[in-house]
Amino acid sequence: MPEFLTLLPPLEALNHLLKNLEHPRPALEWVATAEALGRVTVRAVPAPEALPPFTRSSVDGYAVQAADTHGASDSLPVYLKIVGEVAMGAAPDFSLQAGQAAVIHTGGMLPEGADAVVMLETTQPARGDEVEVLKAVAAGENLLVAGEDVTPGQEVIPAGRRLRAAEIGGLMALGVLEVAVAKPPCIGILSSGDEVIPPHDTPKPGQVRDINSYSLSAVVLHSGGAPVRLGVVPDQPQALRRAAEEALATCDALVITAGSSASARDLTATVVDGLGKPGVLVHGVSVRPGKPTILAVCDGKPVIGLPGNPVSALVIAGLFVRPVIERLLGLDRPPFLAALQARLTINLASQAGREDWIPVQLFRSDEGYLAEPIFFKSNLIFSLVQADGLVRIPPEANGLALGETIEVVLLQ
């Protein structure tokens with residue numbers, strides 16, 4: 001098992017973990033498209049039909065034959081005869097001949113014979129049943145052509161794609177009412193520590209309520225997994241091993257938060273290393289907070305040992321638990337983190353060679369956002385509650401300077 005003092009950079013540690021995980025084969029389930037927001041597709045979705053299904057107008061105006069408008073201008077308008085109006089939601093029951101026009105509204109189906117639409121703003125009424133066209137249009141102008149967005153059989157959503165509002169809308173436009181998605185992977189969450197008690201109990205002197213099981217459950221849910229809280233076990237190797245083995249028998253991955261003492265962390269690493277092959281891959285990451293992180297794969301299932309301090313546990317969960325769940329879901333590409341640019345309000349010192357994540361509060365100013373660091377202790381959860389985001393200080397830096405423009409990763 002690697003020594004605790006052999007620290008790996010976070011990205012290298014994550015890649016080492018993911019490299020030892022087999023390519024996932026997520027369990028499939030069918031869900032209603034209307035309820036599939038945030039789910040990950042298991043199968044590619046082909047278009048059952050064209051979109052748009054017919055050529056239609058993208059503006060209010062007049063359907064015309066473009067050749068009839070050539071040379072039209074304010075000083076030399078073209079006069080066309082109005083022969084009808086396109087009813088919304090129905091196919092036109094007439095066709096256009098040369099020299100004719102038809103009233104059409106946005107989304108209306110283009111009548112046969114027409115090949116363009118003149119915008120209402122570039123026309124004006126003329127005598128009787130005529131319209132005065134003040135600007136020429138080209139063939140295809142102001143139209144949405146049948147199949148312009150999607151052609152029949154085209155793959156519109158690949159496998160491994162997380163469904164957003166746009167994907168939901170697109171599937172509904174095609175009449176795809178159900179979609180095959182990955183079943184949320186089961187993520188067991190186990191807390192250890194002689195001092196940790198359930199939240200509904202009243203702490204006695206020296207005891208603390210379990211925070212991590214619940215905050216980590218929220219991280220798992222937000223990442224697309226199904227959290228299973230497995231309770232709190234004492235800092236005893238037999239009890240921890242038994243609980244971990246039971247969890248791996250039924251869950252797709254296991255997250256363990258260790259007690260605060262160094263001996264508890266060592267106990268967790270020893271137990272995890274014996275749960276299956278290859279065992280512990282990383283024991284110690286060059287990051288603050290969260291240096292004593294444990295990353296393992298036990299007989300094909302990921303096991304992550306997080307620090308017991310709640311701020312450390314949440315920061316490290318963002319770095320390792322979320323990407324593992326995304327791998328188990330079969331995501332085809334890592335999602336983008338929500339972030340914004342802000343200017344730092346004070347100097348921030350850092351230790352070179354270590355990646356630091358600092359919570360910050362955001363404020364608006366006339367020149368943009370300001371980021372004010374929160375000087376925290378990793379066992380005080382409300383220091384993170386006050387934060388709007390996290391700032392990364394890279395390992396090659398000795399800190400960040402007052403007024404420097406930085407990227408703030410927003411807390412979800």
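**Pockets and a helix pair around H6**

In this predicted model, the second largest pocket is lined by 16 residues, of which Pro-24, Arg-25, Pro-26, Asp-252 and Leu-328 lie nearest its centre; a pocket is an open set of points on a 1 Å grid over the protein atoms alone where a 1.4 Å probe fits, with protein on both sides within 12 Å along at least five of seven lines, and lining residues have an atom within 4 Å of a point. Strand S21 (301-306) and helix H6 each give two or more residues to this lining, helices (H or I, at least four residues) and strands (E, at least two) being DSSP runs numbered from the N terminus. Residues are numbered from 1 along each chain as its sequence is written. Because the model is predicted, local features need pLDDT of at least 70 and side-chain atom pairs count only at pLDDT 80 or more, whereas totals for chains, interfaces and linings use all residues, and side-chain values use heavy atoms, without hydrogens and water.

The largest pocket is lined by 49 residues, with Gly-318, Arg-322, Glu-326, Pro-335 and Leu-337 nearest its centre, and H6 supplies the largest share of that lining, 10 residues.

Helix H6 (residues 310-329) also packs with helix H3 (residues 212-223), their axes coming within 9 Å and crossing at roughly 35°, where axes are lines fitted to C-alpha atoms over the stretch in contact and angles run from 0 to 180 degrees between N-to-C directions.
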